[in-house]
Amino acid sequence: MNIHEYQAKALLRRFGVAVPEGHVAWTPEEAERAARTLNAPLYVVKAQIHAGGRGAGHFADDPSGKGGVRLAKTPEEVRAAAGAMLGHVLVTKQTGPRGRKVQRVYVETGCEIARELYLSMLIDRRHGRMGMIACGEGGVEIEELAARAPEKILHISLDPAAGVQPFHARKLAFALGLGAGFAQPFAELLGGLYRAFLELDASLIEINPLVVTKANTLVALDAKLGFDDNALYRHPEIEKLRDEAEEDPKELEAARFGLNYIALDGTIGCMVNGAGLAMATMDIIRLYGGKPANFLDVGGGATQERVAAAFRIILSDPHVEAILVNIFGGIMRCDIIAEGIVAAARETALSVPLVVRLEGTNVGLGKEILARSGLPIISAENLADAAEKVVNAVREHV
């Protein structure tokens, strides 16, 4: 689960991380009042969406090309900037061409920047540990920098038994060119981020940029937090921060039925049981020249209701031109799955080619049910056969 920048900063402030003072606003009038409350010589107005690259983005209906992060010197200018953002669609590299509608803005005090750095804590899956990434160039897309100049990125893997140690802070501080004077404050910053990561069950804390001000202080000028969904039951106060308007409606609907669904940009809808099998299915679709439209794992205990919900979610994507169902009947019998597929196909008035590959318990009975259904279901003998048939079905359907 992701949250907005202003929410992330409020959480980090609890752990002693220095962030600029600010207030969230839903209207231009609220933004102006927030600025007057802050009473600062300089303000920053930031569009609040779950996507990076806001400053370099642009609004779909604004020919000026200004992005979602703007400076203002007076409360009146803050109001004007907020009015230009609220209710408008902001397009960034991470949103894609559709963009995201801005429903709220964050008004905070500006600061005098001497240097910009990058710092993040995340799950290091290669080593099965927490990790830290740092760079002396902040305010940039870390993925682009990794491709352009990987030697500039510093990686540290943290021993779970020891956590962040003073030598980590000294090593990073000197590598980033901060010098001895920043060793202690940088160590305190890392300690706060580490406690936040553990206590909040975070999966990512990204500070980009972390700035050195002209007053020689460290300030998290931006903050992004992501959380482990499986641990949210321990943090009801964090779950309340969820903004469903920022999430894909299909993914929200899938979650209500206990389905693991992620929307992609292809044309072949996938319904599979098991995450590993689902990824293998997407891989082989690509191997045969197709593009998966989604990742969808119905789980080992799929019911007719869940199968029907899966079909509805897949078909709600207008780009889907065919569906591949790939089920291995272990815990769930193939005949029960087949009955669910037939019922779902009828209920949703299926209008695109459907390829089904069944294997496992009662597979023969499951295939008989599909054959007797009278529906134009294309049966496949194995995964390669299924992928080839669904890719061909898309080509013929077009």
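Colleague: Which strands make up the open sheet of three strands, and in what order do they come?

Modeller: Strands of a sheet pair through backbone hydrogen bonds, either parallel or antiparallel. In this predicted model, the open three-stranded sheet has the order E3-E5-E6, and its pairing is antiparallel. Strand E3 (58–59) and strand E6 (100–101) are the edge strands, each pairing on one side only. E6 runs antiparallel to strand E5 (residues 89–91), and two bridges join them.

Colleague: Which strands pair with E2, and over how many bridges?

Modeller: E2 pairs with strand E4 (residues 69–72) in the antiparallel sense, over four bridges. Five bridges join E2 to E7, and these two also run antiparallel.

Colleague: Are the two faces of E2 covered or open?

Modeller: Both are covered. Tyr43, Val45 and Ala47 are on one side, Val44 and Lys46 are on the other, and all of them are buried. That is five of the five residues in strand E2 (residues 43–47).

Colleague: How should I read an aromatic pair, and how many does the structure hold?

Modeller: A pair of aromatic rings is described by the distance of the centres and the angle of the planes. The structure holds one such pair. The ring centres of Tyr6 and Tyr106 are 6.1 Å apart and the planes lie at 35 degrees, so the pair is tilted. Tyr6 belongs to helix H1 (residues 5–14) and Tyr106 to strand E7 (residues 105–109), so the pair ties together parts that are 100 residues apart in sequence. Both Tyr6 and Tyr106 are buried.

Colleague: How many residues of H1 are buried, and which ones?

Modeller: An α-helix has 3.6 residues a turn, so residues three or four places apart point the same way. In H1, seven of the 10 residues are buried, so the helix is largely enclosed by the rest of the structure. The buried residues are Glu5, Tyr6, Gln7, Ala8, Lys9, Leu11 and Leu12. Just after H1 comes Gly16, with a positive phi of about 85 degrees.

Colleague: Next, the nonpolar cores. Which residues have the most contacts inside the largest one?

Modeller: In soluble globular proteins, nonpolar side chains tend to be buried together. The largest nonpolar core here has 43 residues, and Phe186 and Phe227 have the most contacts inside it. Helix H6 (residues 183–199) supplies the largest share of this core, seven residues. Apart from this core lies another, of 33 residues, including Val298, Ala308, Ile337 and Ala344.

Colleague: What does Phe227 touch beyond four places in sequence?

Modeller: Phe227 touches Met1, Ile3, Leu11, Leu200, Asp201, Ala202, Ser203, Leu232 and Ile238. One of these, Leu11, is also among the buried residues of H1.

Colleague: How many disulfides does a search of the whole structure find?

Modeller: A disulfide is a covalent bond between the sulfur atoms of two cysteines. The search finds zero. Take Cys135: the closest cysteine sulfur, in Cys111, is 19 Å from its own, too far for a bond. Cys135 counts as buried, at 1% relative accessibility. For Cys270, the closest cysteine sulfur is in Cys334, at 18 Å, again too far for a bond. Cys270 is buried too, with a relative accessible area of 1%.

Colleague: Where does Ile285 lie, and is it buried or exposed?

Modeller: Ile285 lies in helix H9 (residues 275–287). Ile285 is buried, with a relative accessible area of 0%. Leaving aside neighbours within four places in sequence, its contacts are Ile268, Cys270, Gly290, Lys291, Pro292, Leu324, Ala387 and Val391. As for Gly329, it is 44 residues from Ile285 in sequence and 21 Å away in space, C-alpha to C-alpha.

Colleague: What are the overall figures for the protein chain?

Modeller: The protein chain has 13 helices and 19 strands. Of its 398 residues, 50% are buried. The C-alpha trace spans about 75 × 50 × 40 Å along its principal axes. Among contacts with a separation of 6 or more, 69% are between residues 24 or more positions apart. The chain exposes about 18,600 Å², of which carbon and sulfur atoms supply 52%.

Key. Residues are numbered from 1 along each chain as its sequence is written. This is a predicted model: local features need pLDDT of at least 70, side-chain atom pairs count only at pLDDT 80 or more; totals for chains, interfaces and linings use all residues. Side-chain values use heavy atoms; hydrogens and water are left out. A nonpolar core is a set of buried Ala, Val, Leu, Ile, Met, Phe, Trp, Tyr and Cys residues joined through side-chain atoms within 4.5 Å. Buried means under 20% relative accessible area, exposed over 50%, partly exposed in between (1.4 Å probe, protein chains only). Contact means heavy atoms within 4.5 Å. A disulfide is a pair of cysteine sulfur atoms within 2.5 Å. Rings of Phe, Tyr and Trp (its six-membered ring) pair if their centres lie within 6.5 Å; planes under 30 degrees apart count as stacked, over 60 as edge-to-face and the rest as tilted. Two strands pair if DSSP finds at least two bridges between them. Accessible areas come from the Shrake-Rupley method with a 1.4 Å probe; for residues, only the protein chains shown count as cover.
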